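Please keep the sequence and the structure in view while reading.

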Amino acid sequence: MGFHFHSIVRAKQLIQRPFSNSKDVPKGYLAVYVGDESKMKRFVIPVTFLNQPSFQELLSQAEEEFGFDHPMGALTIPCKEDTFVDLISRLTA
């Protein structure tokens, strides 16, 4: 089970679009914050990812850690950025 470098780069470009606020998130996408509290990074992902079992597992972890009170004002996912990018690259492949 190997990953192609090209698909990882493409996935990272897709989710790291420079959107500054919620009005900049295109229809069909969702802004999420990933990382620990000291270093959060904002990603914009397709809402279709919400239906994927592997992504739902991350959402369950977020619910356990934050409940419905997200400190950044948006969905916050408590995992390492590299782990998140890896998951997104698998979902876009």
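## Model and confidence

This is a predicted model. Its mean pLDDT is 76. Of its residues, 68% reach 70 or more.

Where pLDDT is low, the predicted coordinates should not be read in detail.

## Overall layout

The protein has 3 helices and 3 strands. Starting at the N terminus, the order is α-β-β-α-β-α. The protein has 93 residues, and 32% of them count as buried.

Among contacts with a separation of 6 or more, 53% link residues 24 or more positions apart.

## The strands

Start with β1, which pairs with both other strands. β1 and β2 run antiparallel, joined by 6 bridges. Tyr29 has Pro46 in β2 as its bridge partner. Val32 stands opposite Phe43 in β2. The hairpin of these two strands has 6 residues between them. There, Gly35 takes a positive phi near 125°.

β1 also meets β3, residues 75-77. These two run parallel, and 3 bridges join them. Val34 has Ile77 in β3 as its bridge partner. How well covered is β2? It is mostly covered, with 5 of its 6 residues buried.

## Tyrosine 33

Tyr33 lies in strand β1. Is Tyr33 buried or exposed? Its relative accessible area is 15%, and the cut-off for buried is under 20%, so Tyr33 counts as buried. In sequence, Tyr33 and Thr76 are 43 residues apart. In space, their C-alpha atoms are 4.6 Å apart.

## Helix α3

α3 has 12 residues. At 1.5 Å a residue, the helix should span 16 Å.

Which residues of α3 are buried? They are Phe84, Val85, Leu87, Ile88 and Ser89.

## The nonpolar core

The largest nonpolar core has 13 residues. Ile45, Phe55, Ile77 and Phe84 have the most contacts inside it. The elements giving two or more residues to this core are β1 (29-34), β2 (41-46), α2 (53-66) and α3 (81-92). The largest share, 4 residues, comes from α3.

## Phenylalanine 55

Phe55 is found in helix α2. Its relative accessible area is 0%, which means that Phe55 is buried. Which residues does Phe55 touch, leaving aside those up to four places away in sequence? They are Ile45, Phe49, Leu50, Ile77, Phe84, Leu87, Ile88 and Leu91.

Leu91 is 36 residues from Phe55 along the chain. The C-alpha atoms of the two are separated by 8.9 Å.

## In brief

β1 is joined to β2 by 6 antiparallel bridges and to β3 by 3 parallel ones. A 13-residue nonpolar core draws its largest share from α3. Phe55 is one of the residues with the most contacts inside that core.

Conventions:
Residues are numbered from 1 along each chain as its sequence is written. This is a predicted model: local features need pLDDT of at least 70, side-chain atom pairs count only at pLDDT 80 or more; totals for chains, interfaces and linings use all residues. Side-chain values use heavy atoms; hydrogens and water are left out. A nonpolar core is a set of buried Ala, Val, Leu, Ile, Met, Phe, Trp, Tyr and Cys residues joined through side-chain atoms within 4.5 Å. Buried means under 20% relative accessible area, exposed over 50%, partly exposed in between (1.4 Å probe, protein chains only). pLDDT is the predictor's confidence in each residue, from 0 to 100. Contact means heavy atoms within 4.5 Å. The expected span of a helix is 1.5 Å times one less than its number of residues. Two strands pair if DSSP finds at least two bridges between them.
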